[in-house]
Amino acid sequence: MKNRIALLLCLALVCGALGFAGCGKPRAPRAALDTPDHHVANGYKLLTSGKVADAEREFTLAVELDKKYSPAYGGLALASATEGNFEKAGDLLKKADKYAKTPEQEAEACVTYIRFYTLAQKAVSDNWLAKAEQKFSQAKKLLPNDPAAYFYMGMAYRADYDLPQAETMFSKVIDLNGKFVGEADRAYADVQKIERAKPGTPIGRKIALVDKITRGDVAALFIQELGLDKLFAAKKKFDPSFKSPDQIFTTETVVKAPEATDISDHVLKTDIEAVIKSDIRGLTPYPDHTFQPDKPITRAEFAMMLEDILIKATGDEALATRFIDSPSPFPDVRSDVSYFNSVMVCTSRNLMAAKDLATGEFDPMGPVSGADALLSIRALKTLLKADG
């Protein structure tokens with residue numbers, strides 16, 4: 001009997017040792033900056049830049065150094081949520097919550113939950129915003145003046161299109177004048193743009209929140225918010241003079257827009273097809289018959305699109321060469337580039353503006369936000385209405 005008990009104790013000790021080994025010991029630092037907090041800071045920078053895999057590597061390095069480092073699990077959770085793996089993200093968030101040792105780490109875990117709910121939304125809960133608000137209340141009790149909690153709660157309200165509440169949160173961050181003040185200032189300005197643009201359709205309200213719109217997005221905005229297909233139909237001119245059937249068939253050629261081979265399953269397929277028929281410069285299929293609906297557009301491309309719509313809608317062909325040989329007022333747009341005239345047409349008619357008012361830079365290769373696109377479309381509608 002004693003031998004059996006001794007054997008069982010030995011087995012238990014061996015299993016325990018194996019279990020501990022399975023968990024793995026924390027690795028020793030290999031450099032002065034090989035620390036959990038440094039890797040987590042790097043991970044969040046990479047995550048902000050869209051380099052999710054690199055961010056995951058940094059967060060994992062932090063966990064290797066400290067198996068119970070709460071912020072590292074929070075970072076891994078957000079990386080998983082960014083990739084759409086919400087179940088895995090939820091499990092990692094529980095670890096971030098469990099291992100939080102200080103009020104600062106507990107508040108950070110709450111903020112991470114807010115960011116998680118904003119990314120996942122109804123994919124994890126129909127009451128995602130209420131859950132985010134609960135975590136916000138917890139974070140405020142732990143750290144009453146933590147700018148991160150206010151900023152990311154503002155982003156949650158923005159995602160839910162509760163713009164007044166979003167403005168309140170961003171204003172608080174600006175008043176605190178600490179971390180996230182720059183981000184909050186830009187987000188506040190962006191919300192005001194959306195309010196001025198007043199998108200009138202569900203798709204317009206959705207795209208208004210996008211930081212970098214795509215070719216598919218702009219196609220939807222031109223059809224839904226501008227009513228491009230109806231606009232061109234109303235502006236279409238007919239020749240009332242008599243033509244014999246022979247004259248019609250010999251002098252007129254039906255031009256069919258090339259089909260796009262990569263939009264059959266796209267959610268914006270109908271809008272994209274309508275835009276293709278409108279034959280807007282810069283928004284037609286490529287030579288290989290792809291439309292590339294998920295490709296982000298640049299400010300230069302958007303200017304060319306707006307210029308082409310303006311020319312087609314007004315019939316003023318002279319606009320296409322109006323500013324040729326004119327000097328450029330923008331330090332980053334040469335007068336000999338293909339989009340120079342388009343930029344000048346748009347800026348001279350207040351359809352677009354310099355990106356940086358301090359330096360006068362237009363930022364032609366920069367992205368176009370949904371809010372900026374909607375403001376341009378609103379200005380274009382007003383301009384076309386004035387032109388009659």
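Tutor: Helices here are DSSP runs of H or I with at least four residues, and strands are runs of E with at least two, numbered from the N terminus. Buried means under 20% relative accessible area, exposed over 50%, and partly exposed in between (1.4 Å probe, protein chains only). Please keep in mind that this is a predicted model, in which local features need pLDDT of at least 70 and side-chain atom pairs count only at pLDDT 80 or more, while totals for chains, interfaces and linings use all residues. Residues are numbered from 1 along each chain as its sequence is written, and side-chain values use heavy atoms, with hydrogens and water left out.

Now to H5 itself. Helix H5 covers residues 86-98, which is 13 residues, and spans 18 Å from its first C-alpha to its last, close to the expected 18 Å (1.5 Å times one less than the number of residues). The buried residues in H5 are Phe86, Ala89, Gly90, Leu92, Leu93 and Ala96.

How does H5 meet H6? The axes of the two helices come within 10 Å and cross at roughly 170° (axes are lines fitted to C-alpha atoms, for helices over the stretch in contact, with angles from 0 to 180 degrees between N-to-C directions). That makes H5 roughly antiparallel to H6, a label for angles over 145 degrees. On the H5 side, the contact is made by Phe86, Ala89, Gly90, Leu93, Lys94, Ala96 and Asp97; on the H6 side, by Ala109, Thr112, Tyr113, Phe116, Leu119 and Ala120. Contact means heavy atoms within 4.5 Å.

The partner helix deserves a glance too. H6 runs over residues 103-120 and holds Gln105. Gln105 counts as buried because its relative accessibility is 15%. Apart from neighbours within four places in sequence, Gln105 is in contact with Tyr69, Ser70, Pro71, Tyr99 and Ala100.

Stepping back, the chain has 18 helices and 0 strands. Of its 388 residues, 43% are buried. Among contacts in the chain with a separation of 6 or more, 65% join residues 24 or more positions apart.

The largest nonpolar core has 109 residues, and Met153, Phe222, Leu228 and Phe302 touch the most other members (such a core is a set of buried Ala, Val, Leu, Ile, Met, Phe, Trp, Tyr and Cys residues joined through side-chain atoms within 4.5 Å). Helix H16 (residues 299-314) gives this core its largest share, 10 residues. Leaving out neighbours within four places in sequence, Phe222 is in contact with Gly227, Leu228, Val275, Leu283, Phe302, Met305, Leu306, Ile309 and Ile377.

For contrast, here are two loop residues. His266 is in the loop between helix H14 (245-251) and helix H15 (269-278), and at 18% relative accessibility His266 counts as buried. Asp325 sits in the loop between H16 and helix H17 (340-348), where Asp325 is exposed, with a relative accessible area of 76%. Asp325 also has a positive phi of about 70° although it is not a glycine.

Methods
Parallel < 35°, antiparallel > 145°, perpendicular 65-115°, else oblique.
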